[in-house]
Amino acid sequence: MNKNFNEIFDYVKDLTIIDSHEHLPYCEDFREKNTDALREYLIHYFSSDLISAGLNPEDFQKAINHELPIMDRWDIVEPFWNNARYTGYGRDLDISVKAIYNIDKISKNTIEELDHAFQRSLKPGHFKRVLKDMSKIEVCLLDSNLDCDPYFFKSVYRLDRFIYPQSYSDIKQVEEDSGIRICSMDDWLEACEMMLDKAFESGAVALKSGLAYDRTLKYERTIRNEAEVCFNQIFNSLHLPNWDGSPIVMGKEFQDYMMHFILRMANKRNPTFQFHTGLQEGNGNYIHNSDPSLLSNLFLEYPDVDFDIFHIGYPYQHVLSALAKNFPNVYIDMCWAHIISPYACVNALNEWIDSVPLNKIIAFGGDYMIIDAVYGHQYLARTDISKSLAHKVEEGVFDIDEAKRIAKMLFYGNPKRIFKLDND
Ligand SMILES: [Zn+2]
């Protein structure tokens, strides 16, 4: 096993790869400079593990307040950090600081030294160093910014605000972006279609929906009249003063109608559609809302849309295995997954190689807002994929050369084809 792993990893560690999903600043200049290492590394993910480990929310707020001395803040988080250090999120950060700053483990002994090195990294050139030179990422698909720096990114566009507007200011923003005054549901549909076409004209390569954070992935067929009754509710809050940010809650009939409307448009244009499924970032949500099998009616009804199913559907990776095996238009995307659970990724790939055609799997998407942590994530991804492929070599399913060919396919050939990146 070790010998096979070493030989495969030796090849995989140098592969140029495609990153299917990121939330990084859309250009390096836009990076937050008024920060420090502790605050930056707790923007998301590991912070959720610390809170899950028992760190109370007020102490967490103190820990990310970079006006306070870093050592005092380290003392607050240390016991929780040590309990969470070996999760994928925790390991990612330790791997990243070792490779980028040559610092062994984030701890009381290293946090100040780490912050000094981190402050120096805020100078221009750090994105290139981490993404291109160290992580060998040819391109990242960036969630929701059409103005992203093309040297690093291609954009992915979200239409979720058309399905799930949350306040009247969302309606105003749509008017501003589309130039269409929203006086009826017809105007809303027209604005939605216009924004979709604008996004593709501006170079977006895929669509994305993250609504499994807010609602179930089950989008029923509803009729226009029911949807319009819900939509018309928004006009009831028109008289409220500007400073009243009261949320609006659109009825499910409207939300479902809009998802089908968008998929019908997508079906004509044949883009890839990324769907968040599985674990929701943060603390406290309904995991059953994000079971990828809830999307089955959409897979059937929109056969010309390629559905890129995020995060291995964790913890529904076995369900996703059946879906990708069953539907020609369903793909498995391992973005975020290698830091949710490296072990689950190795096991899932062992299972998928037995059940799912190899052209259906994308190996990596960093899914980070933290530039440094992308390094650790791609390193874990390369390790996980190599472990699983070495296991199959050991079982006699294929030889080492074939394992290398498959690795390149999962990290590069598949995302390039599934996101139609050759069409540029
Ligand atoms: Zn994401």
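Is Asn-102 buried or exposed? The structure shown is a predicted model, in which local features need pLDDT of at least 70, side-chain atom pairs count only at pLDDT 80 or more, and totals for chains, interfaces and linings use all residues. Residues are numbered from 1 along each chain as its sequence is written.

Asn-102 is exposed, with 9 other C-beta atoms within 10 Å. A residue counts as buried if 20 or more other C-beta atoms, placed from the backbone, lie within 10 Å of its own, as exposed if 12 or fewer do, and as partly exposed in between. Asn-102 belongs to the loop between α6 (88-101) and α7 (111-120). Helices (H or I, at least four residues) and strands (E, at least two) are DSSP runs, numbered from the N terminus. The phi of Asn-102 is near 55°, a positive value in a residue other than glycine. Lys-420, likewise not a glycine, has a positive phi of about 55°. Lys-420 is located in the segment after α19 (400-418) and is partly exposed, with 14 other C-beta atoms within 10 Å.

The peptide bond that joins Tyr-314 and Pro-315 is cis, with omega about 5°.

The helix packing comes next. Two packed helices are described by the angle between their axes and the distance between the axes. Axes are lines fitted to C-alpha atoms, for helices over the stretch in contact, and angles run from 0 to 180 degrees between N-to-C directions.

Helix α17 (residues 342-355) packs with helix α18 (residues 371-395) at an angle of about 40°, their axes being 9 Å apart. The two helices, α17 and α18, are therefore oblique to each other; angles under 35 degrees count as roughly parallel, over 145 as roughly antiparallel, 65 to 115 as roughly perpendicular and the rest as oblique. Residues making this contact include Leu-349 and Ile-353 of α17 and Leu-380 and His-391 of α18, where contact requires C-beta atoms, placed from the backbone, to lie within 7 Å.

The axes of α10 (residues 168-178) and α11 (residues 185-201) come within 10 Å and cross at roughly 55°, which makes α10 oblique to α11. In this pair, Val-174, Asp-177 and Ser-178 of α10 meet Ala-191, Met-194 and Met-195 of α11.

Key: Contact = placed C-beta atoms within 7 Å.
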